[in-house]
Amino acid sequence: MTLLSTAQHFARDTRRNPRAHMVPIMISGTVAAVAIALVAYLLWPTFGTASASGPERLPVSVGGSLFNVPTSAVRMKIQRHSGPQERVDLSFMYPSLDAPAAPKHVSADTVEDKVQPIDRIFLSISAHHDQLAPDMRVRTIYPRYLEQPAAAPDDGLSVRAFRDGSPYGGEDLFSAEAPALNARCTRDDITPGMCLSERRVDQADLTFRFPRSWLSQWRDVATAMDHLTAQLHGGKG
């Protein structure tokens, strides 16, 4: 009876005020709009904000050794996280050693025909799994394949060619003592020669790659690799 009485009362009110029935409809529409806006806000993707406010450096463990790497220096997106990793690939501007800025978008209209100069030093950090240490490889493996005799050092940097037909044919070994440097380099050809220099830090091997032409200032390159090693591994060289 109460429900019937309420309905009759509402019907009389509606006849007296034809717009009265619009009030609950407007209220319901307002509530629905607020609810939709709230859901949209909560579900809206936040990757843009998160990337801008992400950490500047990432603590990563490679082979059980801790490295503190700049986030923007990590070359592969899948490696851009903290915690244990088998390998991390990095790049740094040279000679500043700053982490590079985000790459610019290149289209068919903006790409240049000329070869861009390499202004970065590349670094891969990987677990060594008890493989032969880089310094032992220089002392015990490389000499088996080197040409004889060795050329006289030039400005403190000696160079010896690997024999043709050897596993390192077409490459040269550069060595220096102060500061220490060992680098295996390809020779300039259609593409510029590149150098590879390795060192071991605790349970990880660090592999640096840079253009062979930089060896004209080899002391600066060797010092840069020392600084990066100390910077990434908590002050340890």
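Helices (H or I, at least four residues) and strands (E, at least two) are DSSP runs, numbered from the N terminus.

## Basis

This is a predicted model, in which local features need pLDDT of at least 70 and side-chain atom pairs count only at pLDDT 80 or more, while totals for chains, interfaces and linings use all residues. Residues are numbered from 1 along each chain as its sequence is written, and side-chain values use heavy atoms, without hydrogens and water.

## Glutamine 85

Glutamine 85 belongs to strand β3 (residues 83-85). Its relative accessibility is 10%, so glutamine 85 counts as buried (buried means under 20% relative accessible area, exposed over 50%, partly exposed in between; 1.4 Å probe, protein chains only).

Beyond neighbours within four places in sequence, glutamine 85 is in contact (heavy atoms within 4.5 Å) with Val60, Ser61, Val62, Gly63 and Gln79.

## Salt bridges

A salt bridge is a side-chain nitrogen of Lys or Arg within 4 Å of a carboxyl oxygen of Asp or Glu. The count by this rule is nine. One of them joins aspartate 89 to arginine 87, with the closest N and O atoms 2.9 Å apart. Aspartate 89 is buried at 8%, whereas arginine 87 is partly exposed at 40%.

Arginine 199 and aspartate 226 form another salt bridge, also with a closest N and O distance of 2.9 Å. Arginine 199 lies in strand β9 and aspartate 226 in helix α5, so this pair ties together parts 27 residues apart in sequence. Asp172, Arg187 and Arg212 are linked in a network of salt bridges.
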